[in-house]
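Welcome! Here is a short briefing to read alongside the structure. Keep the view open and look for each residue as it comes up.

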Amino acid sequence: MSSFTSEVLHWKPTKLEEECDSADISELDALARDIRAELCIAKEEEERLTECIVDGLKKTERTLGTSNFQRFFDQCAARVNAEFERSEADARQLSNSLDALSGLAQNISKRVAALDLGKSRVVECLQHVSDLRDLGTCANGVQQAIRDVNFEEAASHIHRFLTLDSIVFKMSDSQDVKDAGYSVKNCYDILRQASIELKQQIEQKFDEAKAKGDVATMERLFKLFPLINEHQSGLKRYGSHICDKIAELSQQNYKIMQAGGTDDNRKNVLFADTLTMLFEGIARLVELSQPVIISAYGQDKMLDLIEIIQPQCDKQTSLILDVFLQKRHFQELANQVIF
């Protein structure tokens, strides 16, 4: 028989031997040995713990006896089962309590919703009462304010009247406030007529101030138009004032242009300078008007003002361009180029 050596044999694939060097194979062998050693230690620990458990059970059985051990185990199991049943009963009781609380919460929620509805109706009713009181106050105060030429106070009364809830004006005479000495219909008629009268007076006073050149009065009256819901009327009149200013500015620049300008070195760009001064003047007028329009009318009304003054800007620009075409013989030069 052939003799065998005690050396441990390792299987090494041919391909692996071809691709890997000896150092890598040595590392794999060392890792495998470490894993085998740890596995042996784990198995020994498992066997030791198993023996300890078995010994403990045997000692308990010898102490209590086989029958006593079984009875002890049954008692423990019974106690655990009783605890489970008690826990189940408590859980069932808790579930019933939660169901009751859920029903109670839904009932409370419905009652709260009903209270909220009642509260909203009470608030709405109080608002209508306040509107009725304000209606009477406005009706009593607006006529006196107009007689005193106190347009600001009169406009504030009309503004309050216009912002009242429309439902107030739909109330019949049977719902009038008798103890206050006035009716809704009567107050409505008074305020509606006062609104028309106040609008006419403000427009008249504005036109008079414009004719006199009283800018302060015009701006004061201009702020009142939105209060009586006459935005377009105010913008139209103020825009007309701006147009007059543009025409006046253009006339001044036109005279300077006709005189040949103020600088002989810029005669070749005389018309361009005239247009530049006109546009800068228009921009300055719009800029000065911007704060009062934004504060009283709103930022979106600036576009409406620009649309109002745009035709006047085009008109004054056309006057300057017509003189430019004439002085520079533009048509003759154009004909020469064409023919």
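Leu98 sits in helix H2, which covers residues 22-147. Please keep in mind that this is a predicted model.

**The chain as a whole**
- The chain contains ten helices and zero strands.
- Of the 339 residues in the chain, 24% are buried.
- If you take the contacts between residues at least 6 apart in sequence, 71% of them join residues at least 24 apart.

**A nonpolar patch on the surface**
- Leu98 belongs to a nonpolar surface patch, together with Leu94, Leu101, Leu104, Ile108 and Val112.
- Together, the residues of this patch have about 550 Å² of accessible area.

**The nonpolar core**
- The largest nonpolar core is made of 48 residues.
- Leu191, Leu198, Ile202, Phe222 and Ile309 have the most contacts inside this core.
- Several helices each supply at least two residues of the core, among them H2, H3 (151-162), H5 (184-212) and H6 (215-222).
- Which helix gives the most to this core? That is H8, with nine residues.
- Beyond its neighbours within four places in sequence, Ile309 is in contact with Gly239, Ile242, Cys243, Ile246 and Val286.

- The whole structure holds nine salt bridges.
- In one of them, the side chains of Arg237 and Asp207 meet at 3.3 Å, N to O.
- This pair ties together distant parts of the chain, since Arg237 is in helix H7 and Asp207 is in helix H5, 30 residues apart.
- Asp207 is partly exposed, with a relative accessible area of 35%.
- Another salt bridge brings together the side chains of Asp244 and Lys210, also listed at 3.3 Å, N to O.
- Here too, distant parts of the chain are linked: Asp244 lies in helix H7 and Lys210 in helix H5, 34 residues apart.
- Asp244 is partly exposed at 41% relative accessibility, and Lys210 is partly exposed at 25%.

- Asp304 and Lys301 form a salt bridge through their side chains (3.7 Å, N to O).
- These two residues are separated by about one helical turn, because they are three residues apart in helix H9.
- Lys301 counts as buried, because its relative accessibility is 15% and the cut-off for buried is under 20%.
- Salt bridges with shared partners join Lys199, Glu203, Asp207 and Arg237 into one network.
- Is Glu203 buried or exposed? Glu203 counts as buried, at 12% relative accessibility.
- Glu203 lies in helix H5 and touches Phe225, Ser233 and Arg237, leaving out residues up to four places away in sequence.

**Helix H7 and some backbone angles**
- H7 has 28 residues and reaches 40 Å from its first C-alpha to its last, close to the 40 Å expected at 1.5 Å a residue.
- Gly260 follows H7 and has a positive phi, near 95°.
- Val149 is not a glycine, yet its phi is positive, about 55°; Val149 lies in the loop between H2 and H3.
- Asn229 is not a glycine either, and its phi is positive at about 60°; Asn229 is in the loop between H6 and H7.
- Asn229 is exposed, with a relative accessible area of 52%, while Val149 is partly exposed at 48%.

Key
Residues numbered from 1 in each chain as written. Predicted model: local features only at pLDDT ≥ 70, side-chain atom pairs only at ≥ 80, totals over all residues. Heavy atoms only, no water. Patch = residues over 30% accessible without salt bridge, like charges linked within 9 Å, V, L, I, M, F, W, Y side chains within 5 Å. Areas by Shrake-Rupley, 256 points an atom, 1.4 Å probe, with all protein chains shown as cover. Salt bridge = Lys/Arg side-chain N within 4 Å of Asp/Glu carboxyl O. Helix = DSSP H or I, 4+ residues; strand = E, 2+ residues; numbered from the N terminus. Core = buried A, V, L, I, M, F, W, Y, C linked by side-chain atoms within 4.5 Å. Buried < 20%, exposed > 50% of the residue type's maximum accessible area, 1.4 Å probe, protein only. Contact = heavy atoms within 4.5 Å. Expected span 1.5 Å × (residues − 1).
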